[in-house]
Amino acid sequence: MVSSVLAPVQERGRAALERLGLPTRRQEAWRLTDLKRLAAVAALPPSSTSVRQDLPAPSEGVLRLVLDGSQPSLEGQVWPQGFSLLNHADLEQVLGQILDHCGCAEAWPVEFNHASSHQLLALRIRGKVPPLELVLSGGDGLVATRVILILDEKADLDLLEVVLAEGVSAHSHVIEVHLGQEAELRHGFLATADGQASLLAHLAVEQAPRSRYAFTSVVTGWSLGRVEPRVVQLEGQAETTLKGLAMTSAEQQLATHTAVRFDGPEGELDQLQKCLASGQSHTIFNGAIDVPRVAQRTNAAQLSRNLLLSGQARVDTKPELEIVADDVRCAHGATVSQLQEDELFYLQSRGIGASDAAALLLRGACQEVIEQLPSLAKAWQPLNRVMESLDR
Amino acid sequence: MIRPDAELLLEITDLHAAVEDKPILKGVNLQVRAGEIHAVMGRNGSGKSTLSKVLAGHPAYRVTGGSVRYRSQDLFELEPEERARLGVFLGFQYPVEIPGVSNLEFLRVATNARREKQGAEELDTFAFEDHVGEKLAVVQMDPAFLERSVNEGFSGGEKKRNEILQMALLEPVVSILDETDSGLDIDALRIVAGGVNQLATTDNATLLITHYQRLLDEITPDYVHVMAAGRILRTGGRELALELEQTGYDWVDKELAAQGVA
Amino acid sequence: MTSSSTKDLVSQPYKYGFVTEIETDKIAKGLSEDVVRLISAKKEEPDFLLQFRLRAFRNWLTLEEPDWAELGYPEIDYQDIVYYAAPKQQDKKASLDEVDPKLLETFDKLGIPLSEQKRLSNVAVDAVFDSVSIATTYKEKLAEHGVVFCSFSEAVKEHPELIERYLGSVVSSNDNYFAALNSAVFSDGSFVFIPKGVECPMELSTYFRINSGDTGQFERTLIVAEEGASVSYLEGCTAPMFDTNQLHAAVVELVALDDASIKYSTVQNWYAGDENGVGGIYNFVTKRGQCRGARSRISWTQVETGSAITWKYPSCLLQGADSVGEFYSVALTNNCQQADTGTKMVHVGPRTRSTIVSKGISAGRSSNSYRGLVQMGRNAKGARNYSQCDSMLIGDQAAANTYPYIRSQQPQAAIEHEASTCRISEDQLFYLQSRGIGFEEAVSMMVSGFCRDVFNQLPMEFAAEADKLLALKLEGSVG
């Protein structure tokens, strides 16, 4: 799991960071980011190991692995049938390749991960396998984790990544996923923190024809959060579903930057991003969809729904559609509002107090995304976690 | 009404056609004279809808052999719009929705294109509103549909009525009605069939493409053709339709097998 | 649509591409503080205006040319441009009879007759030739109502207090690179002033004509509607065909006080370059309206069909409570044209409302981008925005991009944005054809159906014209 293949990657990352420096406001992708907090993240020392003990018991039949960024190996781990670790030769070949295909190999958070991570989990999945749960967690300081998943043709996996953090810490995570033909991955990403920690998560996913990828992210409680799923349909003809819930309170800032590219015909995308901002917080959504000429008969729909829950909070949303094929259906929509007054009034007219009514409506708004998480997420009681973080 | 001396309007000879290189029509022969009503029946995939699209000139269908003469003219030399202006009308099975284009404006432009060929004067906006008002009665259609976009948000029955309204306005010589009865409840079917009956004269002809007998209860055909595997397998009078109603299409397979086709 | 037929949907030859042979008064190429002073001196301007220009020029030197738009073009050499050119005639004539007949003939050919007998009956026209106003019709009749409609230069001489008060008050001289450039070197344009309570009795229109091949075009338009006043204004633009590119950097400022209403319509048909992208106008325009007063309303309607490059975002700053901003746009690009256009609706005041309807049509190898910003400020309680951005693609080599930025800091404001992409489907075309409607007419019916929501906003006199213009742009030899 730790691997000598990472040594040159680290060197590359360090060199890149030196060259790039910190992102600046002049870069469109960072224009709205709180760069002071980013600088603080970059200055954090590596985390000292402290594996958390208070994890809920995993659902039955679930394979749970805990990554804290420093654990040297998973030797002795018993792998259920269908799971295997990538060997050194495979690893040298695929490492970074999916990042390249997704066009984010040189993104700052990726280079930052390159420079910092010395733990790597690289798995190959064959056939239908038991659910996999990755708990990404560490102590104070910077935790960096890196995962590679290769789903062979017709492989079928439920994956839940849970990111936990507290205190003055930051988590840098990069996951690369390859879906072979007709492979299916239901990918949950549940990242909750206590309001002080920061998160930089980058996902690079490439899909072969007739594969299905469903990503559901529930992210809340990060001082500075940045979640960036990048999906490429290598030859089109695949299904991508992206459902996101991003919540901020107090003075948090959370950005979700998604990018989906169709490098072939007949691809499908169904995307919903919900952002809820309360307190003096700030949510950012940036959703790029790229439909080049080869992507005829693409069918893509993106919806950005934002709830602005306080007069000091702020919402920025920016869909970006670039289309060069004529026979396509691409629709996108965005709304920004507070909770609907008529819905609140309806509940109040049935005797429910204003704050209860609001909480009820918020639960409903969150539930729409949360129920899309793979079923193994139930062990983590995601809705309660999210509502707690909102109360905090 | 069958009159052997009536004008030969449509003469289809050994017609072959393909979609994306897949042959569908494999030698259709059919003659239609003025005053006649023909029913073309057959199962799904027998080629009957293809026949209607080929006659109207849909670009996705490629003629690979044979000929169609419309009033002695080579039909395939004509663009779709020229066919329409000369009096060939296709009533679509699934009329397409065209958002933004006003139904009234569309009907007026189409009517005037046809009238110009007929040597009739062009109708301006006001004259056309009167003209279309008369025709609405044929299909018992609410004038409110004129204000909407072409077929946009119309129910299945409303779309079909809009088709027959167009037929009434364009006064076609040969009308090909592709599964006009599909998706209609019995009341709507009667209204549509009533429209077709009102518009049938001794000078024009109608080709009904249908799956079921029930339309033929409302419109009496002079000829019934059964299509299978891209050809007309059998032709008869009205009784053939009744026979099909009772026996189904099983005999078709036997007959095809006997001919070594299927 | 079949590929062969889409390829044939090319624009028909540009019919406004002729050049008028006329002597012009031109200064040497290049830009410096001396050039700015020279322009101001030629126009015998008061000192406040010279100072305005000089401030703008100094600002311009510190600014960078924007590069965030979805546009590609070779670097512009700002020293290779002539910044002042005017047809040689002495002072502006009191009577049209004294205007050079060649100029009158030019506008006649463009369909804008200026002479008493032929002029449009309910439209007053200001004709601007190479950035200089040569004639304004119906001035006297408008004056009876207290309406001022004249060239910018005249306004500087006759109403300097209004110019000093409002110039640069909406688009400051350091707003952006092109606005700063315009502020430094603008030569002429139109000025409209509608006094308190007056409803302008006729449509006002400015017709811009570029004639010279090496001259930059920098007009400036300022429209002020006082309390309760209202006006509808339309601008049209054409240019000759040159195989070089001409820079056009205009600024338009609108000010609406309490209960005032300004409707500003544009039919832009600058030369677009040939089918290989040679020549054409670089159109970098800053247009902004300020709803300063309560319940005021500013409405932009644009039909953009010309120019090699279009960079414009007519915007509304909604300050007055209950004020309303609207943006209705059709942008058609064909061949190698590039358009990056949209709007900004900045909601400052409470209960302000805005509507955005944008229809982009991309054909050929062109690129058509909608870029918009809807911003709800902290005090925009009860504000609302609705936006709809639709793209139609014709052929598989054209690009349609949509970048709608939304920012809100007011929970009691509601924003709703919808966008879709469509094409003209083969089945829709066949349906129309099978009813006797020819291919070209079928395409044009569908395109104008697509644009109907926007055309409905144009003044009656111009709606039909815009429809025709679009049809012409797409017309071609259908094979």
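## Salt bridges between chain A and chain C

A salt bridge is a side-chain nitrogen of Lys or Arg within 4 Å of a carboxyl oxygen of Asp or Glu. In this predicted model, the side chains of R293(A) and D396(C) form such a pair, with an N to O distance of 3.8 Å. Across the interface of chain A and chain C there are three salt bridges, together with 16 residue pairs in polar contact, both residues being at pLDDT 80 or more.

The largest share comes from β17(A), with 10 residues. Sorted by class, this side of chain A holds 14 nonpolar, 10 polar and 11 charged residues.

## Extent of the A–C interface

Contact between these chains involves 35 residues of chain A and 32 residues of chain C. About 2800 Å² is buried between chain A and chain C, and 46% of that lies on carbon and sulfur atoms. On the chain A side, D326(A), H332(A) and V336(A) lose the most area to chain C, together 20% of what that side buries.

## The B–C interface

One salt bridge is counted between chain B and chain C: the side chains of E163(B) and R435(C) meet at 2.8 Å, N to O. Polar contact joins 12 residue pairs across this interface, both residues at pLDDT 80 or more.

## R108 of chain B

R108(B) lies in helix α3 of chain B. R108(B) counts as buried because its relative accessibility is 16%, under the 20% cut-off. Leaving aside residues up to four places away in sequence, R108(B) touches L123(B), D124(B), T125(B) and F128(B).

## Confidence in chain A

The mean pLDDT of chain A is 91, and 97% of the residues score at least 70. Within chain A, confidence is lowest in helix α6 (residues 341–348), at a mean of 75. Strand β11 (residues 224–233) of chain A has the highest confidence, at 98.

Note on methods
Residues numbered from 1 in each chain as written. Chains lettered and ligands numbered in written order. Heavy atoms only, no water. Polar contact = N/O pair within 3.5 Å; in protein donor to acceptor, adjacent residues only side chain to side chain. pLDDT = per-residue confidence, 0-100. Helix = DSSP H or I, 4+ residues; strand = E, 2+ residues; numbered from the N terminus. Buried < 20%, exposed > 50% of the residue type's maximum accessible area, 1.4 Å probe, protein only. Contact = heavy atoms within 4.5 Å. Buried area = accessible area lost by both parts, 1.4 Å probe. Nonpolar A, V, L, I, M, F, W, Y, C, P; charged D, E, K, R; others polar.
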